[in-house]
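Hi,

Here is the structure I promised to pass on.

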Amino acid sequence: MKAERLRPLTASTRLDYLAPGASTRLDRLALARIQRTVKSAPVRFMLWDGFEVPTMMDPAVGTILFKNRTALLAWAWDASLNFGETYMSGAVEIRGDLLMVLEAIYRGWDSSDRRPWWLWEKSNDAHASRENVHHHYDLGNDFYRLWLDREMVYTCAYFPTADATLEAAQIAKMDLVCRKLRLEPGERVIEAGCGWGSLALFMARQYGVAVRAFNISSEQIAYARNRAKEEGLADRVEFVEDDYRHVRGTYDVFVSVGMLEHVGAPDYPTLGRAIDRTLADRGRGLLHFIGRNQPAPINPWIRKRIFPGAYAPTLREVFGQVLEPHAFSVLDVENMRLHYAKTLEHWGQRFNEASCEVATMFDESFVRAWRLYLAGSQASFTTGSLQLFQVLFTRGNNNNLPWTRVSG
C-alpha cells in the first residue's frame, strides 16, 4: 500500500469537531481496555465528558483525552496505528509533557501485542524506494532548514559533551566517521545515501579523499551539487542521482550513514552485493543506522505518514544478510542511542520554535504529526526501543588493521 501524504484536514477528518454526547458503558469499557495495555504507565485516560480511568502508578505524568467516540474506537481497534492518526487530527489531546507521556507509554506497552510477521516488510524495489524517499525528503529544503543544523545533517549527531551545540555535534559525528574509517588523502570513497551532501563534502575538504555519493532525492542532490560548486569541491565530489543498487567501480571505502533503515530487510542481500562488488581488496566500510535489539516492525503510523518502507534491523539481521555472505570482518560496533536522543531533543526544540512557519507552509495537522514523530522518536531512544549502531568492517583477509580502537 502506498504511504499517504499528510493532507489538510477535511470535514471528515477533523474528528475533534464532532459532538459525541455523553459516554456510554461501552465507551468506558473500551477506555479501560486501552488503559490495561499500558497499566504500568503513570498516565490517566479520560473521555470527552470527563469520565476518567486513573493510573495505578502515581504521580501521573499526563492525561490522554479522547474527544470523541470515533477516536476511542480507533484506539481500541489498532492503537499502534491510530495513536498517531487521532493525535494528528486533534481528536486526541495529550495533557502534560508530550515526551514524558510517550516515554511512560513506551515503557508500559504490552510487548506481547505484536503484528503478524507477514505485515512487517515488503521489498523496497527501485521504484518503491524512489517513492518512499520522495514522500519524506522532498518536502522542501526550506522546511528542513528551519530546524536542522547549518550543515543540513539529518542523522544522529555525536556529542563530545552533553552541552555541545547541535552544530558542533554534527561536525564531531562526521569527523568520528572519518577517523573510524581512517581516511587517507587520495583514497576513493563511495557513499550510499548522501542526504544534502554534508558528509561527502566534509570527507573531501578535511581528509582529501575523492567521493562519489549516491542519492535518489532530487531536491537533496540539487542542493548538494550547488554546494559543492560554491565550495570549489565539484572536482573531488560527484553527486549521483541514482539508487545504491547501481553503484559500480572499485573504491577504498564504502560508507552509508542513515540509509540502511530505508533499504528494507528483503533487500539486505542486494545491499551486501553492492558493497562486495565495489570494495577494494583492502577496503573497509562503515554502516550507521537505526536498529533494534529484537526484530520488530516500525510503528505502522510512522510507516504510513512519515517513513514509508522503513525498517530498523537487529545487528544479527545486518551481519547475517549484508556482511556474512561476503565474508566481511566486523572490526567495531558502537551503540550511540543516547546521542540520537540528544539530537532529537535539539530537533524537537527547533521544530517547535518554527512551528508557526511550518503551519504556514503546510497545516496544523502536519505540525502535530511531526511534533509527535520527533518526540516519539526521542522517547524510543531514551526507553531503549530503538538503537543507533555504527558498524565498522573490512574484507576478511585484510590485515592492514589498526592496533587501537578509535574513541571519541
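How many bridges join strand 1 to strand 3? Four of them do, and the two strands, with strand 1 covering residues 43-46, run parallel. (Strands are DSSP runs of E with at least two residues, helices are runs of H or I with at least four, and both are numbered from the N terminus; two strands pair if DSSP finds at least two bridges between them.)

Before you go further: this is a predicted model, so to speak of local features I need pLDDT of at least 70, side-chain atom pairs count only at pLDDT 80 or more, and totals for chains, interfaces and linings use all residues. Residues are numbered from 1 along each chain as its sequence is written, and side-chain values use heavy atoms, with hydrogens and water left out.

Within strand 3 (residues 62-66) sits Ile64. Ile64 is buried at 0% relative accessible area (buried is under 20%, exposed over 50%, partly exposed in between, with a 1.4 Å probe and protein chains only). Beyond residues up to four places away in sequence, Ile64 touches a set including Val43, Phe45, Trp75 and Val92. Its C-alpha atom is 7.0 Å from that of Val92, 28 residues apart along the chain.

**Aromatic pair**

The whole structure has 26 aromatic pairs. (Rings of Phe, Tyr and Trp, the last by its six-membered ring, pair if their centres lie within 6.5 Å; planes under 30 degrees apart are stacked, over 60 edge-to-face, the rest tilted.) One of them is Trp147 with Phe351, edge-to-face at 6.3 Å centre to centre and 85° between the planes. Trp147 is in the loop between helix 5 (141-145) and helix 6 (166-181) and Phe351 in helix 13 (residues 337-353), so the pair ties together parts 204 residues apart in sequence. Trp147 is buried at 0%, and Phe351 is buried at 0% too.

**Gln170**

Gln170, in helix 6, is also buried, at 0% relative accessibility. Its side chain reaches the backbone oxygen of Val153 at 3.5 Å and that of Thr155 at 3.0 Å. Contacts of Gln170 beyond four places in sequence include Asp149, Thr343 and Trp347.

Cheers

Key. Contact = heavy atoms within 4.5 Å. Polar contact = N/O pair within 3.5 Å; in protein donor to acceptor, adjacent residues only side chain to side chain.
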